[in-house]
Amino acid sequence: MDGIHDLGGMNGFGAVEVERNEPVFHERWERRAFGLNLLGLAVLRAYNIHEYRHAVERLEPAHYLAASYYERWFTAVASLLVEKGVVTRAELERRAGGRVPLARPSVTVGAPAPRPEAAARFAVGDRVRVRDGRTQGHTRAPRYVRGKRGVVVRVAPSFLLPDVAGHGARAPHEQTYQVEFAASALWANEGRPGDTVVVDLWESYLETDA
Amino acid sequence: MSDPRQPKTAAPIAARVDALEGALTDAGLVPEGYLDEATAPAEDALSPRNGARVVARAWTDPAYRARLLGDGARACAELGYGLPYEESIVILENTETVHHAIVCTQCSCTAWSLLGLPPDWYKSPEYRARLVREPRALLREMGLDLPESVRVKIWDTSGETRYMVLPLRPAGTEGWSEEQLAAIVTREAMIGVARVTVG
């Protein structure tokens with residue numbers, strides 16, 4: 001989905017603040033939120049990591065930007081557990097003594113599962129183009145490479161296809177690749193010659209650049 | 001119109017987290033002690049000290065360095081790092097002519113086993129938005145001014161493969177032990193936003 005999470009290349013953001021000697025967790029609730037996600041994933045198995053990522057992406061955009069990292073975790077986890085029927089929003093709000101904002105519902109059941117290929121379709125050095133696979137569901141192809149041309153620099157392992165797994169459907173494993181794009185191909189005259197960006201992409205995101 | 005960022009009636013975040021934990025606990029869905037045990041590695045075993053030890057070994061043992069660049073997972077396993085969260089890892093070697101840096105533009109993926117849970121700056125919208133588009137300006141702001149002669153290569157962790165930068169070994173560390181070297185390797189250097197420096 002073309003969501004607020006897909007930040008690569010957006011303008012208007014300011015300085016990056018680095019906190020010296022930053023603790024792993026700043027507050028107790030951050031650690032609990034982290035643990036509740038591990039619980040949902042590994043113990044309750046209520047959802048998979050791809051559904052979790054999609055739930056974060058479905059946060060109200062303004063909430064997404066205003067929330068801290070672990071608040072986003074919490075809202076996504078709470079949303080999934082409500083959607084899956086493990087807890088109810090009413091109970092959470094009664095216990096919390098106030099409103100519990102949740103993610104917006106998914107607007108699609110996701111992509112159909114493509115037939116898995118028998119072998120990797122691309123090799124190192126192949127010229128590829130990123131398909132315009134825009135979807136209102138989950139995907140891991142960032143907007144800024146859509147339609148862009150690059151070169152395969154590494155054939156990586158096969159992994160579950162997020163576009164299917166992110167909607168809780170049975171997903172195929174699919175070949176992934178590291179694809180290198182010239183900065184000038186992505187950002188026109190802003191990109192410095194010689195500088196590049198490497199993006200990790202699933203095979204069905206790519207086509208041969210004829 | 002209400003501001004969705006600050007819903008007037010939204011409970012404080014700590015109360016919301018307690019509410020979920022309480023609901024799940026009362027439903028018998030949280031094994032005794034689970035939340036403490038499952039999160040303990042985040043403040044212990046998952047640490048950038050692991051990556052620093054891998055870097056120090058690579059700096060002092062050319063054969064290890066070659067193995068690390070060839071098969072990162074196997075070379076990390078040699079030092080006892082099993083990479084339970086990383087099914088695919090690539091070590092990116094900085095040279096005098098190529099500088100690597102890592103980002104995750106869509107969330108905040110990193111190699112937890114080697115770099116620890118990511119710091120807030122890595123997870124910030126500012127870093128995620130800007131690094132792929134204006135790497136030199138952003139790195140300069142963060143204190144890393146790269147010469148024109150160096151090519152910048154940004155790795156967006158958009159899939160399941162994880163990355164760690166093998167920084168340049170600083171001058172003035174000849175004859176140092178692995179332990180001494182590991183002590184000066186920072187998480188920032190292994191993400192690619194800083195150099196390793198002496199003193």
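**A helix and what covers it**

The buried residues of α1(A) are covered by elements that include α2 and α4 of chain A, together with α1 (13-26) and α2 (34-39) of chain B. Helices here (H or I, at least four residues) and strands (E, at least two) are DSSP runs, numbered from the N terminus; a residue is buried if 20 or more other C-beta atoms lie within 10 Å of its own, exposed if 12 or fewer, and partly exposed in between, with C-beta atoms placed from the backbone. This is a predicted model, in which local features need pLDDT of at least 70 and side-chain atom pairs count only at pLDDT 80 or more, whereas totals for chains, interfaces and linings use all residues. Residues are numbered from 1 along each chain as its sequence is written, and chains are lettered from A and ligands numbered from 1 in the order in which they are written.

Among the buried residues of α1(A) are Trp29(A), Phe34(A), Leu36(A) and Leu39(A), but also Glu30(A), Arg31(A) and Arg32(A). At 1.5 Å a residue, the 16 residues of α1(A) should span 22 Å, and the end C-alpha atoms of this helix are 21 Å apart, which agrees; the expected span is 1.5 Å times one less than the number of residues. After α1(A) comes Arg45(A), whose phi is positive, near 50°.

How many of the 15 residues of α4(A) are buried? The number is 13, so α4(A) is largely enclosed by the rest of the structure. From its first C-alpha to its last, α4(A) reaches 21 Å, close to the 21 Å expected at 1.5 Å a residue, and Gly85(A), whose phi is positive, near 80°, follows this helix.

Where the chains meet, 69 residues of chain A are in contact with 64 residues of chain B, two residues being in contact if their C-beta atoms, placed from the backbone, lie within 7 Å. On the side of chain A that touches chain B, α1(A) gives the most, with 10 residues.

The sheet also draws on both chains: 7 strands form an open sheet in the order β5(A)-β1(A)-β2(A)-β3(A)-β4(A)-β3(B)-β2(B), with mixed pairing. Its edge strands, each of which pairs on one side only, are β5 (206-208) of chain A and β2 (98-103) of chain B. Two strands pair if DSSP finds at least two bridges between them. Within chain A, β2 (residues 149-160) and β3 (residues 173-182) pair in the antiparallel sense over 8 bridges, and Val155(A) has Tyr177(A) in β3(A) as its bridge partner. Between the chains, β4(A) and strand β3 (residues 151-156) of chain B run parallel and are joined by 4 bridges, with Val199(A) standing opposite Asp156(B).

The largest nonpolar core has 104 residues, and those with the most contacts inside it include Ala76(A), Leu201(A), Leu20(B) and Val55(B). Such a core is a set of buried Ala, Val, Leu, Ile, Met, Phe, Trp, Tyr and Cys residues joined through C-beta atoms within 7 Å. The largest share of this core, 9 residues, comes from α4(A). Leaving aside residues up to four places away in sequence, Leu201(A) touches residues of both chains, including Val130(A), Tyr177(A), Leu206(A), Ser158(B) and Gly159(B).

Chain B, finally, has 11 helices and 4 strands, and 47% of its 199 residues count as buried.
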